[in-house]
Amino acid sequence: MHLHRPIYLDYNATTPLTPKVIAAMRPFLEEHYGNPSSSHRYGRTAKAAVETARGQVAALIGAAPGEIIFTSGGTEANNLAVQGAARAHPGRGKHIITSAVEHPAVTEVCAYLESQGFLVTTLPVDAAGQVSPEDLAEALRPDTLLVSIMHANNEVGTIQPIQALAALAHQAGALFHTDAAQSVGKLTVDVTDLGVDLLSIAGHKLYAPKGVGALYVRSGIKLEKVTFGAGQERNLRPGTENVLEIVGLGAAAEEAAQTLPQRVSHLIAMRDRLHAGLENVLLPETVRLNGHPEERLPNTLNLSFINTEANILLDTIAEHVAASAGAACHADHVDISSVLKAMRVPIEWAKGALRFSVGSMTTGEEIDRAAEVIAQSVEKIRSASH
Ligand SMILES: Cc1ncc(COP(=O)(O)O)c(C=O)c1O
């Protein structure tokens, strides 16, 4: 695909739309412009489309349609979950627990709540990026109202033991939210199996457009709204629905549900082919895998190359491969990503960390070409610095 363009290995940043998603959306660009709140036929068509999408998203995660609230993306879903839960239970307490590897869409909400009088405990992670249930058990208090821990990490792909963590939160009487922006569409995600109360979805990580997402709110869980307006989305997310993109998200969810096992095998094959391709050329002791070797997203390969700087490597491969850096080296200091820092990746490794994330459109030919370019570039940078 597009061999004249850089090979896209940044699916955790965002994904293209699949042909099925585009086809589902097209009539809503070209013809169906009704407002779902209107009672005439235009409105009814739009409303029916939104409800179909709600059912498709619900089915993908084992929820009931009435438990899905459409949002403008993962960030808004996280805001609604964390702020909405914190504000809805004033009698419960003001203690929130989160982890050191969350996306800013959770950490920044927690920091804001802290400035408003809430107390936040941030749990550490181990070298593979996992939170330990023992640490959560120790941190839980009678006034803990919410635990928010992501399902899978965007940078290193590490999957958290959500089932165990949610069970502990519930034993202590707290709610459990998980940011599943990176896992929905790449892993089997079932809200009942996971035992979560709230779960965030970001459309553009699963081949739907940017600017749409959803929050699963388990039936019976009370949330306070964070935006004010008319009564759409069970009065939790007012504003005229983004029908076009909600339809896209529904189609993407349906496609994910129908193809997940094949998609996962393909992702693993591509990810591991890239890893093997690089280790065939570069000495294995000069390459380090960041993240959990097994409990990891099937598409994510975060590698550190010793004696390289991530941004120089990214620039060197830029014409041929698009990926993302885990650190930015400046003249006098190095900015290491907060995730790699939390995992205590030694600085000499963290400096040269790149994230490669493959997708359903990635081909073996692309992977082989990318491995060749990346390995050659690493060798070139290493020899120039000696
Ligand atoms: C783990 C995680 N949470 C939340 C988000 C934010 O989602 P969105 O870009 O849809 O606001 C992202 C994506 O950048 C993410 O990777």
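Tutor: Start with the rule for pairing. Two strands count as paired if DSSP finds at least two bridges between them. Keep in mind that this is a predicted model.

Now apply the rule. Strands β12 and β15 (residues 353-357) are joined by two bridges and run antiparallel. Within that pair, S324 faces R355 of β15. The pair belongs to an open sheet of four strands, ordered β9-β10-β15-β12, with antiparallel pairing. Its edges are β9 (287-290) and β12 (324-325), each of which pairs on one side only. Helix α10 (residues 310-317) lies across this sheet. It covers β10 (300-305), β12 and β15, and runs at about 45 degrees to β15.

Next, the other sheet. Seven strands form an open sheet in the order β2-β8-β7-β6-β5-β3-β4, and the pairing is mixed. β2 (68-71) and β4 (119-123) are the edge strands; each has a single partner, so one side of each lacks a neighbour in the sheet. From one strand to the next, the twist averages 20 degrees.

β2 runs antiparallel to β8 (residues 213-217), and four bridges join them. Here F70 stands opposite A214 of β8. Helix α3 (residues 74-88) packs on the sheet and touches β2, β3, β5, β6, β7 (198-202) and β8. The direction of α3 makes about 160 degrees with that of β7. Helix α4 (residues 104-115) lies across β3, β4, β5 and β6, at about 155 degrees to β3.

Now look at β5. All five of its residues (144-148) are buried, so β5 is largely enclosed by the rest of the structure. The cut-off for buried is 20 or more other C-beta atoms within 10 Å. On one pairing, β5 runs parallel to β3 (residues 95-99) over four bridges. I97 has V147 of β5 as its bridge partner. On another, β5 runs parallel to β6 (residues 175-179) over three bridges. L146 is placed opposite L175 of β6. Between β5 and β6 the chain passes through helix α6 (residues 162-171), and this β-α-β crossover is right-handed.

One residue for contrast. S338 sits in helix α11 (residues 338-342). S338 and H103 are 235 residues apart along the chain, yet their C-alpha atoms are separated by 9.5 Å.

Last, a helix pair. Two packed helices are described by the angle between their axes and the distance between the axes. For α9 (residues 243-281) and α13 (residues 364-384), the angle is about 35 degrees and the axes are 9 Å apart. The crossing of α9 past α13 is right-handed. On the α9 side, M270, R273, L274, G277, L278 and V281 make the contact. By class, the α9 contact with α13 holds nine nonpolar, two polar and two charged residues.

Definitions and conventions
Residues numbered from 1 in each chain as written. Predicted model: local features only at pLDDT ≥ 70, side-chain atom pairs only at ≥ 80, totals over all residues. Buried ≥ 20, exposed ≤ 12 C-beta atoms within 10 Å, placed from the backbone. Right-handed = clockwise from strand over helix to strand, strands pointing away. Axes fitted to C-alpha atoms, helices over the stretch in contact; angles between N-to-C directions. Left-handed = near helix turned anticlockwise from the far one by under 90°. Contact = placed C-beta atoms within 7 Å. Nonpolar A, V, L, I, M, F, W, Y, C, P; charged D, E, K, R; others polar.
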